[in-house]
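Dear colleague,

I am passing on the structure that we spoke about, and below it you will find my notes on what turned up. Please read them alongside the coordinates.

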Amino acid sequence: MTDEPPVASAARRVAALESALEARGLNAKSFVDAHVRSAEQDWVPQNGARVVAKAWADPAFRERLLNNGKDAVVELGLSMPAHHRHLVVLENTPKVHNVICCTQCSCTAYSIIGLPPDWYKDFEYRARVVRESRTVLREMGLDLPADMEIRVWDTSADTRYMVLPLRPAGTEGWSEDKLASIVTKDAMIGVARL
Amino acid sequence: MDGMHDLGGRQGFGRVRHSRDADVFHAEWEKRSNALLAFAVRQGWLNMDEYRHAIERMEPRHYLAAGYYERQFTGLVTLLVEKGIVSREELEGIAGASIPLSLPSAPGRSNAPGRARFQAGDRVRVKQDFVPGHIRMPAYIRGKTGTVVAESPAYPFPDAHAHGVRAEDEPTYDVAFSSEDLWPHGADAALVHVGVFQSYLELA
């Protein structure tokens, strides 16, 4: 048995790469600082919540959103990275429930619904939700009626998905801002209903 | 490649550790690693297919033991070393310890010849392709039959794009599979929709 050299902590590995790039005069540090801020401030589920609220309040927008999600979100001042060429919006109904995942990595429409939460990237969710959808959703607190059809969407290409939740009863007459305030990242992934 | 990353339908995993309003990041280095990936893409050093494949090439024990952002960083740093942007010796010198990289890549491939155009409602079968390089066909649909629902815009063909092989962009088809067809007597009832590249499909 040979003695393996010690492995650097992940934090040291990342810092080493950042210093090496900085040493080349590439201004990596200022880019990274700005990107860290935008990841926290710009890629948030409030973006998708505005899209959902608008779709609930404005039937013509809902139609455009379901036809071409990527064009429709631009109307609200949102954008998607260039390699996300398509956004498919999955409308829940009283009889159909949609849930999204990425079994091979952890792809998401992060500029719209926010960066993926930790459990979405864990092996348990990636392995199980395609095969044991009803069981996994129940374990996560969403016990769907037996006659509710489940559709699971595996993000295997650079098409991105978001769930359009069903508008809850009792929200008639609410402003779009108030509607947006009840829309969660979990509901846009499809592990919760509102 | 039939790698460790291809988890859809694997059994033996426990409950999802779900929490409401779950965190996205757990440490500052995770945010900086995520940003360094964006920096590398901006510099034109790598594309997302190369990046995903570099993660898939992680030694399986390392893949399973690493969290998401360690996998992300390992894919990124592997590509930057392979492309000669940084050297492993330089990085390990700065870090004062070793930096694990992914294993080497196998050859990629170009689009399938004579690709067919499909229409919504067509019954299609996923070809029995076994390739050593990158592929975006989850193994649980290999050889399975489903129904075309829609066609996407054309994308770079991952099996080529991850390897610097020339290929035409091609659409994916949103194909709906019955979970009963995917795992007979072994799954909860559902329709499983997968975006399947045109090269992977034939009429059933």
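What percentage of the contacts in chain B with a separation of 6 or more is accounted for by residues 24 or more positions apart? The share is 69%, where two residues are in contact if their C-beta atoms, placed from the backbone, lie within 7 Å.

Before the details, some conventions: this is a predicted model, in which local features need pLDDT of at least 70 and side-chain atom pairs count only at pLDDT 80 or more, while totals for chains, interfaces and linings use all residues. Residues are numbered from 1 along each chain as its sequence is written, and chains are lettered from A and ligands numbered from 1 in the order in which they are written.

Chain B as a whole

The secondary structure of chain B consists of seven helices and five strands, these being DSSP runs numbered from the N terminus (helices H or I with at least four residues, strands E with at least two). Read from the N terminus, the elements follow the order α-α-α-α-α-β-β-α-β-α-β-β. The C-alpha trace of chain B spans about 55 × 40 × 25 Å along its principal axes, and 45% of its 204 residues are buried, a residue being buried if 20 or more other C-beta atoms lie within 10 Å of its own, exposed if 12 or fewer, and partly exposed in between, with C-beta atoms placed from the backbone.

In helix α4 of chain B (residues 68–82), 13 of the 15 residues are buried. The end C-alpha atoms of this helix are 21 Å apart, which agrees with the 21 Å that its 15 residues should span at 1.5 Å a residue, because the expected span is 1.5 Å times one less than the number of residues. Just after α4(B), B:Gly84 takes a positive phi of about 80°.

Strand pairing within chain B

Two strands are taken to pair if DSSP finds at least two bridges between them. Strand β1 (residues 123–126) of chain B runs antiparallel to β2(B), to which three bridges join it, and B:Arg125 stands opposite B:Thr145 in β2(B). β2(B) is also joined by six bridges to the antiparallel strand β3 (residues 170–178) of chain B, with B:Val175 as the bridge partner of B:Val148.

Where the chains meet

In the contact between the chains, 60 residues of chain B meet 58 residues of chain A. On the side of chain B that touches chain A, the largest share, nine residues, comes from α1(B), and the residues of that side divide into 34 nonpolar, 13 polar and 13 charged (Ala, Val, Leu, Ile, Met, Phe, Trp, Tyr, Cys and Pro count as nonpolar, Asp, Glu, Lys and Arg as charged, and the others, Gly among them, as polar).

Strand pairing also crosses between the chains: strand β3 (residues 149–154) of chain A and β4(B) pair in the parallel sense over four bridges, and A:Trp153 stands opposite B:His193 in β4(B). Within chain A, β3(A) pairs in the parallel sense with strand β2 (residues 96–101) over six bridges, A:Cys101 standing opposite A:Asp154. Five of the six residues of β3(A) are buried.

With kind regards
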